[in-house]
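This briefing covers a predicted model.

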Amino acid sequence: MGLLDGKRAAVFGVANEHSLAWAIARSFHEEGARVALSHAGTPFEKRVRPLAERIGSELVFPCDVREDGAIVEAANRVGEAWGRLDILVHSIAFAERSDLQGRFVDTGREGFRTALEVSVYSLVALARAFEGLMGPGAILTLTYIGSRRVVPNYNVMGVAKAALEASVRYLAHDLGRSGIRVNAISAGPVRTLSAAGVRGFRDMLRHHAEVAPLRRNVSAEEVARGALYLCSDLASGVTGEVLYVDAGYHVLAR
Ligand code: NAP
């Protein structure tokens, strides 16, 4: 018996096999879920298709979350294929590389808007589009401690993650009536494509491994196990929560 037997999950944000979304999709598959994968658009499809095949994913579709029409179309695709959805994973973030270095105070209007639109508003828009297909169900997003503490170079993405975590609480309140739980995992640093865009990311990894209570970094698989917990019935009473999967780093004062 798998923890997700009979469940249908849509995972947004697989870029390649290092993506946190990919580790999550694999763990859901191993626990018995049928998994749909979404990618950012046609140029990215060739990276995602082979991964989808590895987990027998019958549904693979594009969805650039900057476009409302693409989000509605994604919900239609899932609705037509499955008629319902139990789990939605939002593992999407983007900021211009120039905004992930230097001083936060220098963030321009356009860079601020882009980071917040792609990394935060997309969760709200996806939740609204899929609400009618869900319930009861679980929505999960990925955040980082830069939402609460100043992490050099994380800058506008820290502000976006603060807004994302607040959105989790508001969405949990709105959607709780339909039995939809909304939670986030705050992951420690993991080497991925997006992470590589943050200047000094290697130093972040080194520092984290030195000082975190477990004296190491976390793996994508450990993040995926947290996702499994939050999206399965094991967490049936949990919503509006941010679960830290960061080797304990968040308890430190430094
Ligand atoms: P990743 O593999 O690069 O995943 C980020 C995903 O966002 C990619 O699949 C990317 O698609 C997608 N994306 C960007 N713009 C998009 C758009 N307009 N429409 C649709 N998708 C779009 O990196 P990751 O580290 O796994 O990131 C996943 C989540 O975890 C992010 O929210 C990130 O902030 C969070 N997180 C990461 C870490 C870490 O250290 N890695 C720590 C804490 C939290 P394309 O690449 O195909 O454009």
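Ala 247 counts as buried because its relative accessibility is 7%, under the 20% cut-off. This residue sits in the segment after strand S7 (242-245), and its phi is positive, about 60°, although it is not a glycine.

**Backbone geometry**
- Most residues other than glycine have a negative phi, and most peptide bonds are trans.
- Asn 153, a residue other than glycine, has a positive phi near 80°.
- Asn 153 belongs to the loop between S5 and helix H5 (155-175) and, at 17% relative accessibility, counts as buried.
- A cis peptide bond runs from Gly 135 to Pro 136, with omega near -10°.
- Pro 136 is placed in the loop between H4 and strand S5 (137-143).

**Ligand site**
- The ligand is surrounded by 30 residues, and the closest are Ser 19, Lys 161, Val 190, Thr 192 and Ser 194.
- From the side chain of Thr 192, an N or O atom is 2.5 Å from an oxygen atom of the ligand.
- The protein buries 91% of the 870 Å² that the ligand exposes when taken alone.
- Backbone atoms also take part: a polar one of Gly 13 is 3.0 Å from a ligand oxygen, and an N or O atom of Ile 92 lies 3.4 Å from a ligand oxygen.

**Nonpolar core**
- The largest nonpolar core has 95 residues, and those with the most contacts inside it include Phe 12, Leu 37 and Phe 130.
- Helix H4 (residues 109-130) gives the largest share of this core, nine residues.
- Beyond its neighbours within four places in sequence, Leu 37 contacts several residues, among them Val 11, Trp 22, Ile 55 and Phe 61.

How values were computed
Residues are numbered from 1 along each chain as its sequence is written. This is a predicted model: local features need pLDDT of at least 70, side-chain atom pairs count only at pLDDT 80 or more; totals for chains, interfaces and linings use all residues. Side-chain values use heavy atoms; hydrogens and water are left out. A nonpolar core is a set of buried Ala, Val, Leu, Ile, Met, Phe, Trp, Tyr and Cys residues joined through side-chain atoms within 4.5 Å. Buried means under 20% relative accessible area, exposed over 50%, partly exposed in between (1.4 Å probe, protein chains only). Helices (H or I, at least four residues) and strands (E, at least two) are DSSP runs, numbered from the N terminus. Contact means heavy atoms within 4.5 Å. A residue is near a molecule or strand if one of its heavy atoms lies within 4 Å of it. A polar contact is a pair of N or O atoms within 3.5 Å; within protein, one must be able to donate a hydrogen and the other to accept it, and residues adjacent in sequence count only if both atoms are side-chain atoms. Accessible areas come from the Shrake-Rupley method with a 1.4 Å probe; for residues, only the protein chains shown count as cover.
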